[in-house]
Amino acid sequence: EFLNAVLQTLARTHRVPEDDGLVAAVLDFSDDERQHADVWRRLNRLSEPEWYGGSDRHLMRVPPAAAGIFGFVARHPIAFPVVLWIQLAQEERSVEMSRRCVQEPAGRLEPRFAAAYRAHLHDEVRHVQIDWHLIDRFYRGRSAAVQRLTAGLLKSLVGAFFLPPIHSTTRVIEVLAAERPELRPLVPRMLQELRALVWNDDYHRMMYSRATTPVTFELFDRFPEFRRMQRVLRAYKPMTAGRAS
């Protein structure tokens with residue numbers, strides 16, 4: 001929903017000439033995302049028809065305040081170019097997650113899920129390249145004030161919503177404890193250890209690092225205002241001393 005709102009708005013904006021190849025790429029990107037959502041929706045319904053027969057969400061829960069904020073900024077990507085950086089970072093995270101699943105030994109994943117991850121990986125690699133071009137088009141050259149605001153917003157949003165494993169993961173633990181009552185005494189410890197992951201270097205390297213999100217980190221290097229990301233991403237250490245051409 002977030003990606004499609006961003007992409008459809010960008011495709012309609014007057015800042016993109018109608019004959020620009022980026023328009024076609026963005027529209028294809030949006031179509032891909034709709035198809036991906038449909039694939040995962042159908043797989044969810046096959047896996048747990050009682051959970052997903054009438055809803056697309058069961059384990060995943062988005063706080064209402066977060067949904068409102070993200071919905072608004074997604075519809076205004078020119079005014080809030082932070083959405084382009086969110087899109088890049090999360091798409092690249094998706095590439096890494098798909099790559100890990102594809103690398104699992106045969107038989108470890110249910111075949112339909114394995115096939116979905118293989119197809120997803122192919123598309124997401126292309127999407128990351130489009131994200132880079134969108135940042136180049138709609139972020140590079142903006143005023144220093146907009147750039148500082150964008151970097152500050154990204155730091156806050158990543159630190160509050162994308163890095164801590166406390167939203168949907170908490171819901172997973174709740175459901176697990178309901179299915180396996182013998183685990184209920186361990187729930188407080190599980191939640192405590194989840195909260196502690198934000199200070200765990202291995203967790204940070206798994207989530208956002210030069211190994212898992214190399215394009216995102218390279219672009220951070222090119223824009224000095226994103227040096228502040230090292231305050232929330234323990235694996236990020238700037239490698240350049242200024243804006244690259």
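Contact means heavy atoms within 4.5 Å. The model is predicted: local features need pLDDT of at least 70, side-chain atom pairs count only at pLDDT 80 or more, and totals for chains, interfaces and linings use all residues. Residues are numbered from 1 along each chain as its sequence is written, and side-chain values use heavy atoms, with hydrogens and water left out.

**View 1. Phe113 and its contacts.** Phe113 belongs to helix 6, residues 111-138; helices (H or I, at least four residues) are DSSP runs numbered from the N terminus. Leaving aside residues up to four places away in sequence, Phe113 touches Trp40, Leu43 and Ser47. With a relative accessible area of 22%, Phe113 is partly exposed; buried means under 20%, exposed over 50%, and partly exposed in between (1.4 Å probe, protein chains only).

**View 2. Asp123 in helix 6.** Asp123 lies in helix 6. Its relative accessible area is 16%, so Asp123 is buried. Apart from residues up to four places away in sequence, Asp123 touches Asp32 and His36.

**View 3. Helix 5 packed on helix 6.** Two packed helices are described by the angle between their axes and the distance between the axes. Helix 5 (residues 82-102) and helix 6 pack at about 160 degrees, with axes 8 Å apart. Helix 5 is therefore roughly antiparallel to helix 6. Axes here are lines fitted to C-alpha atoms, for helices over the stretch in contact, and angles run from 0 to 180 degrees between N-to-C directions; angles over 145 degrees count as roughly antiparallel. Among the residues making the contact are Leu88, Glu91 and Val95 of helix 5 and Leu121, Glu124 and Val128 of helix 6. The contact residues divide into 13 nonpolar, five polar and six charged (Ala, Val, Leu, Ile, Met, Phe, Trp, Tyr, Cys and Pro count as nonpolar, Asp, Glu, Lys and Arg as charged, and the others, Gly among them, as polar).

**View 4. Trp85 in the largest nonpolar core.** A nonpolar core is a set of buried Ala, Val, Leu, Ile, Met, Phe, Trp, Tyr and Cys residues joined through side-chain atoms within 4.5 Å. The largest has 46 residues, and Trp85, Leu134, Leu154, Phe220, Phe226, Met229 and Leu233 touch the most other members. Helix 5 gives the most to this core, with eight residues. Not counting residues up to four places away in sequence, Trp85 touches residues including Ile135, Tyr139, Leu154 and Phe220.

**View 5. The buried residues of helix 1.** Leu3, Asn4, Val6, Leu7, Thr9, Leu10 and Ala11 are the buried residues of helix 1. These residues pack against helix 2, helix 4, helix 5 and helix 6.

Methods:
Helices (H or I, at least four residues) and strands (E, at least two) are DSSP runs, numbered from the N terminus. Angles under 35 degrees count as roughly parallel, over 145 as roughly antiparallel, 65 to 115 as roughly perpendicular and the rest as oblique.
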